[in-house]
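I opened the model to look up a few side chains and some totals. My entries follow the structure.

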Amino acid sequence: MSKNLTGTWKERIIYTDQADDRSRMRAVANNLILHLHPTKVPAPALRWSYTWGLGGLSAVLAMMLAVTGVLLMFRYDASVERAYTSIQVMETQVFFGSLIRSIHHWSANLLVVTAFLHLLRVFYTGGFKKGRSANWLVGIILLLLVVAFNFTGYLLPWDQLAFWAITVGTSLLSYVPLIGESISNFLLAGPEVGQGALRNFYAIHVAVLPALLVLLMSYHFWKVRKDGGISQPIPAQTEDGKPRQRVVRLTTIPHLVQREFVAAATLITILAILAMLVPAPLEALANPIHPPNPAKAAWYFMGLQELLLHMHPLAAMILPGIILLAIVFIPYWDKDESDIGIYFRSGVGKITALFNLFLALILTPLLVYLDEFWIDLPALLPGWPAILSNGLLPLTLTLAGLFAIYVAMRVLARANRSEAAAGLFTFVMVGFVLLTIIGVFFRGANMALVSPF
């Protein structure tokens with residue numbers, strides 16, 4: 001008799017758990033926000049060490065930007081005569097105006113970082129494989145949109161920092177072959193930064209880019225759900241093709257939602273503290289006659305500006321263009337699905353990534369130093385046109401060096417295509433980050449190489 005009662009209680013507990021799971025799944029399916037989530041997620045996908053919550057953190061930052069941006073619009077005046085004054089009034093006379101602007105500023109900068117790190121995480125875990133190439137492309141476009149958001153918002157305070165950063169940034173655009181100058185003239189509504197540029201940047205910042213961001217983010221989340229959630233390692237299979245171990249799937253409520261809530265609350269707290277301790281910068285009123293020395297682009301463009309110091313402008317634009325195209329088409333090059341969800345593909349991939357990390361840390365600063373003080377290709381090749389001696393030649397040498405690194409990984413480390421690609425990707429990303437750091441902190445008056453210490 002007791003045995004039957006015990007069995008009955010176990011059945012009741014199992015039935016209750018199943019009923020709770022069904023109700024939680026219905027809650028996810030019927031909620032406007034939670035509907036973007038799958039009703040269940042694989043248990044390994046909930047590990048912080050796997051995703052680092054970067055996609056969710058980026059979404060929270062985007063929402064913070066939307067809320068604070070709307071509040072700022074109530075007081076901002078997009079005119080050359082009153083833009084700077086409206087920011088001053090916001091900072092000094094509007095309740096919590098300075099805090100709101102600072103949260104907006106730091107959210108925008110952090111979003112560039114989290115979106116970039118999210119891209120790295122997806123690449124290193126093979127999240128672009130197994131039919132996810134379309135969402136990989138959307139993710140790259142979203143990262144570019146985030147940069148465009150920051151770029152268009154940079155001008156709005158109309159101070160010296162903003163004015164000259166946009167002047168330098170749009171001058172970089174003019175180096176893009178064929179269409180660069182037309183894009184620059186369209187954005188500036190003329191040949192230089194003025195009222196037309198401020199009006200255009202404001203309209204793009206508050207109307208065009210938000211609409212694109214909402215559409216692409218919605219598609220991005222929906223595609224993640226449609227593709228079965230976050231990419232996971234393929235479980236080992238038996239000889240008959242069946243998985244050796246069943247992947248445990250947990251309901252989104254409460255397992256995923258609780259983690260997202262904790263991450264969002266932590267991020268918002270850090271943002272609020274950062275905004276109170278380090279207010280958003282506001283320099284003197286923009287003065288087109290007196291440029292600062294050095295005149296630098298926004299920090300996320302400093303890698304490109306640094307590259308322009310070492311190459312002909314055409315070559316300096318072609319090189320990142322080739323790298324961007326390679327990143328876009330990586331799903332069609334790296335099709336090995338056996339390493340999905342494994343960081344750096346394998347143990348060999350980790351070794352190639354680590355080796356290229358140290359190689360980039362050594363080689364990038366060394367080449368910058370040598371080019372600054374020792375190497376002068378136009379002087380060494382006086383009979384060559386500048387487009388060849390300072391453009392085509394260094395571009396060819398750079399691409400040849402990248403190819404040599406890839407071949408070395410394949411031959412010396414016996415890495416497969418996927419593992420070698422992870423190593424080369426690491427070298428390129430670390431090199432670009434180092435160029436950005438050098439441009440931001442190690443360039444002084446007349447863009448000379450100096451020590452910041």
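I looked up the side chain of Thr352 and found one of its polar atoms 2.8 Å from the backbone oxygen of Gly349. I take a polar contact as a pair of N or O atoms within 3.5 Å; within protein, one must be able to donate a hydrogen and the other to accept it, and residues adjacent in sequence count only if both atoms are side-chain atoms.

The model is predicted: local features need pLDDT of at least 70, side-chain atom pairs count only at pLDDT 80 or more, and totals for chains, interfaces and linings use all residues. Residues are numbered from 1 along each chain as its sequence is written, and side-chain values use heavy atoms, with hydrogens and water left out.

I placed Thr352 in helix 14, residues 347-373 (helices are DSSP runs of H or I, at least four residues, numbered from the N terminus). Thr352 has a relative accessible area of 1% and is therefore buried (under 20% relative accessible area, 1.4 Å probe, protein chains only). Leaving out residues up to four places away in sequence, I listed Met409, Ala413, Ala415, Glu419 and Gly423 as touching Thr352 (heavy atoms within 4.5 Å). Ala413 is 61 residues from Thr352 along the chain, yet their C-alpha atoms are 7.3 Å apart.

Next I checked Lys223, in helix 9, residues 195-226. Is Lys223 buried or exposed? Lys223 counts as buried, at 10% relative accessibility. Beyond four places in sequence, Lys223 contacts Gly131, Ala134 and Asn135.

For the whole protein, I noted that buried residues make up 40% of the 453 residues.

Note on methods
Buried means under 20% relative accessible area, exposed over 50%, partly exposed in between (1.4 Å probe, protein chains only). Helices (H or I, at least four residues) and strands (E, at least two) are DSSP runs, numbered from the N terminus.
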